[in-house]
Amino acid sequence: MTSRQRSADSNSLSPRRRTVVKAAAATAVLAAPLAAAIPARAAEAPAFLHGVASGDPLPDGILLWTRVTPTAEAVPGSGLGPDTEVAWTVAKDKAFTNVVAKGSVTATAASDHTVKADVRGLAPATDYWFRFSAGGTDSPAARTRTAPAADAAVTNLRFGVVSCANWEAGFFSSYRHLAARGDLDAWLHLGDYIYEYGTGEYGTRDTVVRQHAPTHEILTLADYRIRHGRYKTDPDLKALHAVAPVVAIWDDHEFANDAWSGGAENHTEGTEGAWTARQAAAKQAYFEWMPVRPALAGTTYRRLRFGKLADLSLLDLRSFRSQQVAVGNGSVDDPDRTITGRAQLDWLKAGLKSSDTTWRLVGNSVMISPFAIGSLSADLLKPLAELLGLPKEGLALNTDQWDGYTDDRRELLAHLRSNAIRNTVFLTGDIHMAWANDVPVDAGTYPLSASAATEFVVTSVTSDNLDDLLKVPEGTVTALAAPVIQLANRHVHWVDTDRHGYGVLDITADRAQMDYYVLSDKTKANATSSWARSYRTRTGTQKVERTYQPV
């Protein structure tokens, strides 16, 4: 890995419940959305119109993915098209002169003509090229990389880190800039890879930059397939999938806003069908369209290892959680309420305790650090509450995050402290802001009390943050809100409430560093990227500190 050249990157919300009736229109005929879901090139079938991807790297293997369009009418969600044999090839060179593995799989309408190949027998810490073929047509060639051997003394790892990509709010330039780096071992998507809302129903600064498909809120299996298909036509997303493996978890918008085990804020039981059916459809489409290897059926929690340097525990914080607390509806401290579910929390604790790597990374879809809003002025508090999905009556926390499930958090942090588990770093998305946090055992007495871990939160790729909601120039809100937030939350080293972008996490035995990058304008397809800030945690400290240049 160290021999590869590193290059620096150069370059509304809806209310808690929308008053408009979504109702039966959401299950309208699919003809127009289906037609809109795919480019006109579909006539040149068979074709690979949604790119190729790889994910979940192992020391000896990688998961390969694509979708074939066998006939013009076999667009995502249609249920149409014949069974099609799809061959895959893995080579050590882009010209495919040194082929190391090959095989084939059948694409069927039952899986929306998506295919996966879980290739094994590869060498660790090695770059490979792969492609698919069907009916005499080759897919684009793509690069991937296996993980280091489990016992390898790895000197360095580098991951791109992203979350929250609302198609209608802008372009996915963050993906393009990460793809251009050429130095990533993998990239982490921490949730909200897609959004479920209908056109114009989710924050876009009142401007739909580009319309998604279908245009109604997605409810059925066909709907979710069409939406995934639309996302996979984005050139920047396809470019990133084509240069490095992704490690992905879901959050709520892969299902519906503020999803929990038995429903969601953005789901009306009956009018929008049964939650169990909608959840099952969303999960099926996700596993069809994403290069994710589920460790357990129907969940994304699993663990990957990258030599002796780091392991990565990936969480599913939607499938097992209790319903979020609202004013007058239960207590955030209720020990019977959970964000992880008992089995997942026990699995996480056991994995952190038994880990023998230098760093323990946790892919975490919602912020674990406590967050008190503090004495923000009314004009800032209202949009912040909207962004966080807080009840209008007001709560000094975000009950969709770990703040709403404090017993699980106390148990996990106490486990880290009592077992002297060091170097745990939570990697988080969801909140559409960038943060660098210590994770205190007792936020009320911090910094006198201990920090059990650290947390790096990346901002959104495009989804609205505070300046978007207030429709003010970028940076305006951060200048006003950040000092107040930090005063009420002494463990927060930095918060940027306004900008969009991505992170690059670089790990050595001595430190884990997050470099934060921001975009010039999410509404411009050619948006540039610039470095904003960097924070690191040095081994053994369980605390974040600022560093003044990217790796």
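This is a predicted model: local features need pLDDT of at least 70, side-chain atom pairs count only at pLDDT 80 or more; totals for chains, interfaces and linings use all residues.
Take the helices to begin with. Two packed helices are described by the angle between their axes and the distance between the axes. For helix α3 (residues 221-231) and helix α5 (residues 275-289), that angle comes out at about 35°, and the axes sit 8 Å apart. The crossing of α3 and α5 is right-handed. On the α3 side, the contact is made by L221, Y224, R225, H228 and G229, while α5 brings in R278, A281, A282, Q284, A285, Y286, E288 and W289. Sorted by class, the residues in this contact are seven nonpolar, three polar and three charged. Helix α3 is also largely enclosed by the rest of the structure, because ten of its eleven residues are buried. The buried set runs through A222, D223, Y224, R225, I226, R227, H228, G229, R230 and Y231.

Next comes the second largest cavity, which holds about 40 Å³ of space. Its lining is made up of A434, T459, W494, D496, R499, Y516, Y517 and V518. Strands β20 (492-496) and β22 (511-519) each put in at least two of the lining residues, and β22 gives the most, with three. By class, the lining splits into five nonpolar residues, one polar and two charged.

T459 of that lining turns up again among the contacts of H432. H432 sits in the loop between β17 (424-428) and β18 (434-440), and it counts as buried because its relative accessibility is 2%, under the 20% cut-off. Beyond its neighbours within four places in sequence, H432 touches C164, Y195, Y202, L387, T459, S460, S463, D464, N465 and T497.

Most residues other than glycine have a negative phi, and most peptide bonds are trans. The loop between β17 and β18 also holds D430, whose phi is positive, near 80°; at 13% relative accessibility, D430 counts as buried. H113 likewise has a positive phi, of about 60°. H113 lies in the loop between β4 (99-107) and β5 (114-119) and, at 1% relative accessibility, counts as buried.

As for cis peptide bonds, one joins A213 and P214, with omega about -10°; P214 is in the loop between β10 (186-189) and α3. Another runs from Y446 to P447, with omega near 15°, and P447 falls in the loop between β18 and β19 (451-457).

Notes
Residues are numbered from 1 along each chain as its sequence is written. Side-chain values use heavy atoms; hydrogens and water are left out. Axes are lines fitted to C-alpha atoms, for helices over the stretch in contact, and angles run from 0 to 180 degrees between N-to-C directions. Helices (H or I, at least four residues) and strands (E, at least two) are DSSP runs, numbered from the N terminus. A crossing is left-handed if the near helix is turned anticlockwise from the far one by less than a right angle, and right-handed if clockwise. Contact means heavy atoms within 4.5 Å. Ala, Val, Leu, Ile, Met, Phe, Trp, Tyr, Cys and Pro count as nonpolar, Asp, Glu, Lys and Arg as charged, and the others, Gly among them, as polar. On a 1 Å grid over the protein atoms alone, a cavity is a set of points where a 1.4 Å probe fits but cannot get out, and a pocket is an open set with protein on both sides within 12 Å along at least five of seven lines; lining residues have an atom within 4 Å of a point. Grid points are joined across faces, edges and corners, and a volume is the space filled by probe spheres set on the points. Buried means under 20% relative accessible area, exposed over 50%, partly exposed in between (1.4 Å probe, protein chains only).
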